Amino acid sequence: MSENSTQKWTAGAATGIGSMPGGDAREAAKTVTGSLETFPYLPELPARGPGADMIGRTLGMLVEVYGHVEPSGWRISDRPGRDTRRAHSWLGEDLDALEEFTQGYEGPLKVSAVGPWTLAAALELRNGEAAVGDPGACRDLAASLAEGLRGHLADVRRRIPGARVVLQLDEPSLTAVLQGRVKTASGYRTHRAVDRAVVEGALRDLVAVAEGGPVVVHSCAPEVPFGLLRRAGVTGVSFDFSLLTEREEETIGEAVEGGTTLFAGVVPGVDSRLSDPAGSVMGVRTLWRRLGLAPGTLSESVVITPSCGLAGASPAYARSALAHCVRAARSLADNPE
């Protein structure tokens, strides 16, 4: 087992992804900390508008890189403007609410930011093209993100001193970047695929920002590059379990044997009829048997989550989904076979 296998959370753990419905920071923090007593996270509330979305929030963390909203999306600015200030303000509001509801908390606490490659795919340069098409811009973004995350992680640790902070990098566009599927501004062409070694190196640099703390990469897109992420040194990979295919199973098995934790998204992220908790994790048990992995390692190697963020769900369903994740994780721990 690799050094990544050092247990960072209790066996049979459950957590969320990031986004929650509504715009009330205190209500979101109360729901998350109340539902996920052993592995809460800092909620995102994109319904508040630009600056509260995942790209805007992360842009607000960057150092000496600024952005504003255009009809086509977020674009780099020469100086901080209203949209950047709004992103700073909402992040501060969210942190204040989380701090209020985690007084005396000790344990893992997850915070998230968009990873360097999804950020480069989403953020436009001044000419309207995605930054991913400019290697120099990609390097500058990754460096700015690293510096911004150092400050963000330090702030969270200061506010909640008992927390073991877990950094999640959201990378839903990672596969598209690797496969050259990010469209140009015209929509008629795509940007060239970024070399896998360059992608892996940038992610490894971001992992180092956590200074030995756990780093999880999340993607709710198909074809998550488990092998690349494992080589980049991440502690865990968060993914939509329903999108797995048989051809990915070998790399998943190698990742688990190498000490990588699977954050398995098995609970729908939008209002759905929830099955019994044991039924929600049946596919995880089946995968474990097919891979020939020891049942006793299952609850230590898997964290149960929704399939993606809960921003599109009703508040009542979001609460139910998080509680269901906890019960499903407990079922996995009590009966791994």
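Select strands β1 (residues 66-70) and β2 to begin: they pair in the antiparallel sense over five bridges. Strands are DSSP runs of E with at least two residues, helices are runs of H or I with at least four residues, and both are numbered from the N terminus. Two strands count as paired if DSSP finds at least two bridges between them. The model is predicted: local features need pLDDT of at least 70, side-chain atom pairs count only at pLDDT 80 or more, and totals for chains, interfaces and linings use all residues. Residues are numbered from 1 along each chain as its sequence is written, and side-chain values use heavy atoms, with hydrogens and water left out.

Remain at the strands. A hairpin of two residues joins β1 to β2. Highlight Val-69, whose bridge partner in β2 is Trp-74.

Next, select helix α3 (residues 82-101) and helix α5 (residues 135-159). Their axes are 10 Å apart and the packing angle is about 30 degrees. Axes are lines fitted to C-alpha atoms, for helices over the stretch in contact, and angles run from 0 to 180 degrees between N-to-C directions. Helices α3 and α5 are therefore roughly parallel to each other; angles under 35 degrees count as roughly parallel, over 145 as roughly antiparallel, 65 to 115 as roughly perpendicular and the rest as oblique. Display Leu-91, Gly-92, Leu-95, Asp-96 and Glu-99 of α3 together with His-152, Asp-155, Val-156 and Arg-159 of α5, which make the contact (heavy atoms within 4.5 Å).

Proceed to helix α9 (residues 249-257) and helix α11 (residues 282-291), which pack at an angle of about 85 degrees with their axes 10 Å apart. This pair is therefore roughly perpendicular. On the α9 side, select Glu-249, Ile-252, Gly-253 and Val-256; they meet Leu-287, Trp-288, Arg-290 and Leu-291 in α11.

Finally, centre the view on Met-54, found in helix α2 (residues 54-61). Leaving aside neighbours within four places in sequence, Met-54 is in contact with Glu-44, Val-114, Thr-118, Asp-170 and Pro-172. To end the tour, select Val-281 as well: Met-54 and Val-281 lie 227 residues apart in sequence and 28 Å apart in space, C-alpha to C-alpha.
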